[in-house]
Amino acid sequence: MGAMALTPVARAEDGYDLWLRYAPTDAARSSSLSAHVTAIVATGTGPTWAAATSELQRGIAGMTGTKPAVTATIQQGALWLATPASSPSLPVKTDGLGLEGYAIRSVTIDGKAVTLIAANSDVGLLHGAYHWLRLAQTGASLDSLAIASAPKIGLRMLNHWDNLDGSVERGYAGQSIWDWWRLPDYKGPRYTDYARANASLGINGTVLNNVNARSESLTAPYIAKAAALADIFRPYGIKVYLSVKWTAPMELDGLKTADPLDPAVAAWWKAKADEIYKAIPDFGGFLVKANSEGQPGPQDYKRTHADGANMLAAAVKPHGGIVMWRAFVYAHDNPDDRAKQAYSDFKPLDGQFADNVIVQVKNGAIDFQPREPFHPLFGAMPKTPLMMEFQITKEYLGQSTHLTYLGPLFEETLDADTFAKGKGSTVAKVIDGSLEGHKLTGIAGVANIGVDRDWSGSIFNQADWYAFGRLSWDTSLSARDIATEWAAQTFSPDQKVVQPVVMMMMGSREAAVDYMTPLGLAHIMNTGHHYGPGPWVSELARPEWNPVYYHKADANGIGFDRTKSGSNAVSQYAPTIAKMLDDPKTTPERELLWFHHLPWDYRLKSGDTLWDGLIHHYEHGVADVAQMRATWETLRPMVDTERFAETETLLTIQQREAQWWRDACIAYFQSVSKRPLPAGSAAPAHSLDYYKALKFPFAPGN
Ligand code: BDP
């Protein structure tokens, strides 16, 4: 065991510092760090420079105990921040780094060895400073650095589903961090720490309010509040955006209609945009949920999503703003397979959107399930920029209690091949614009942030925020590498800590898939709060709100037939994929029941029947959680007490609930299949009626 791991923890850790802990290092590392930052050379001025130099000072002081000075002259061992504007004789080329990227180089200037962080802009320098600090915190070598990094995706955004009353839709980390009531005057320190955390990942935009928006967020007092936040975030390279409610002109100013082709409506939005830009000159633009789950929208006036998006786009265009128009739509009066509806609505509109509109598409066609095949719209709208919407908050993956690291889920979707232009047309290439040559590009994550001390509801949930940010900057990073650097910064760079933590994280999402929705099952969570199992639910008003709609289990078999002879959702994919998914034998087993309704006796690759295999997957999931607990237990001597105990308790809950999921699902599926459990599988602990009777009226986030 490394000496570092045994160093007593100087202070209680409650997770507030996230991955920016800058914990004291051992003596050897500390002197190496000091030798690499004998001073910080900075000749630029302004708030972003101040943010970069003070973050470096904070980091180095934390790790070594000594705060380096900021000076204007190069000295041996200095860390030198420079842009072409601050240092005309920059020895490093900054071409290709864009306005947000940076280079980090070990160079010799007049015989003095220095580490140069170079960028075209102040914000680029800030990103470079955070990269250097990440190297420092993870124990990486700081010699011979030759790094160049620039993001491929332009908009890297958090979407807050935060309400003006302080509650957070699908939030499991306490109330909203936006203290709307006391803004714009009172600006607590959390806002700056939020900006620091995001800037450390390169996140450059935040939508402050819920997509299920209230009109009030567009009134003068709330614009002033948003402007106060924008002022705090600006030095960190983060722009503010707002979700808007389609009928705001009617609700706020008594207009008779919200028809996007009505000139009075367009004029209202133009005036509103002008008002916002007066208060927030670099305001990013609007996010819109329209004609979805009861929200009003242009279709209420027999207009299309494109008509609506383009009208708003015209309002923000003179200011350089954009509109992010969500494709998450499905209608109660549409009897077609819910998984097909977004494609059916949007695909025909390809080519009709204004050039400052980007369509925001969820990773899968239903709704943030533990596993979904990639959304068929990716690759299907070549003339339209599409941005990704991931959910960082774990509505369907154990909320605040389960450890289910989302890195592998994000990675799986980004790496999926749409075959839109032949092999290699990955979802990542669709959203970074390279497949079709789009300049407007974006990725959004529904935030998991609240006022809890640890921000995200648990220490391990922080990793999902982290992974989202890192992948937004560079979609080619691996979930494993991201977990590795997160663990090193969050706990300790000691491999004896990092390796087991990464092992737990990397298996955790598959474990959740197994104990919740194995083999391509989806949306069998209980009603409303989506907490816990409810595969039996069948009485809700809209068919697609009921789990039975998704699994279609009966005496003969289980699964949703989306083949040509079923709903034909497969035809929404490129022909190569459609063909593969049309046949259960060539469909990846992990997505089997998403695309096929199969008899219980269907043979899986393992040799199991579908029935036995389903049970075995449920059991693997439970066993994996037991293994995660055992692994965590080995870390007891190496992790500080408070954070160790939190995770220990949450894993105990997770194990109990994984068992609950297994037992409840098996009890239900057995009631329809009427089959005996495979040899060695224990009967559920309780009757089906017991599981059905469990109620959670006050579950959070609902
Ligand atoms: C679902 C959530 C719901 C959101 C909706 C959306 O259950 O709370 O409003 O998505 O994305 O996942 O609009």
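1. A residue counts as near a molecule or strand if one of its heavy atoms lies within 4 Å of it. With that in mind, have a look at the ligand: 14 residues surround it, and the closest are E169, K289, R326, D367 and E395.

2. Before going on, a word on what you're looking at. This is a predicted model, where local features need pLDDT of at least 70 and side-chain atom pairs count only at pLDDT 80 or more, while totals for chains, interfaces and linings use all residues. Residues are numbered from 1 along each chain as its sequence is written, and side-chain values use heavy atoms, with hydrogens and water left out.

3. E169 has a polar side-chain atom 2.4 Å from a ligand oxygen. For R326 that distance is 2.6 Å, again to an oxygen atom of the ligand, and for N212 it is 2.9 Å. On its own the ligand would expose 320 Å², and the protein buries 97% of that. Those areas come from the Shrake-Rupley method with a 1.4 Å probe; for residues, only the protein chains shown count as cover.

4. Now for helix α15, residues 495-516. Helices (H or I, at least four residues) and strands (E, at least two) are DSSP runs, numbered from the N terminus. The expected span of a helix is 1.5 Å times one less than its number of residues. For the 22 residues of α15 that gives 32 Å, and the end C-alpha atoms are 32 Å apart, so the two agree. There's still a kink of about 35° in α15, centred on S508; the bend at a residue is the angle between axes fitted to the seven residues ending there and the seven starting there.

5. How much of α15 is buried? Buried means under 20% relative accessible area, exposed over 50%, and partly exposed in between (1.4 Å probe, protein chains only). By that rule 16 of the 22 residues of α15 are buried. Compare helix α13 (residues 459-473), where 15 of 15 residues are buried. The 15 residues of α13 should span 21 Å, and the end C-alpha atoms are 22 Å apart, which agrees.

6. Contact means heavy atoms within 4.5 Å. Setting aside neighbours within four places in sequence, R662 contacts Y515, Y618, E619, V622, S681, A682, A683 and P684.

7. A273, in helix α8 (residues 263-279), is buried as well, at 1% relative accessible area. Not counting residues up to four places away in sequence, A273 touches A315, V316 and H319. A273 and A314 are 41 residues apart in sequence, with their C-alpha atoms 9.7 Å apart in space.

8. The peptide bond from L183 to P184 is cis, with omega near 0°, and P184 lies in the loop between β7 (155-159) and α5 (190-199). D110 isn't a glycine, yet it has a positive phi of about 50°. D110 is in the loop between β4 (102-109) and β5 (112-118) and is exposed, with a relative accessible area of 72%. E293 also has a positive phi of about 50° without being a glycine, but E293 is partly exposed, at 35%.

Conventions
Polar contact = N/O pair within 3.5 Å; in protein donor to acceptor, adjacent residues only side chain to side chain.
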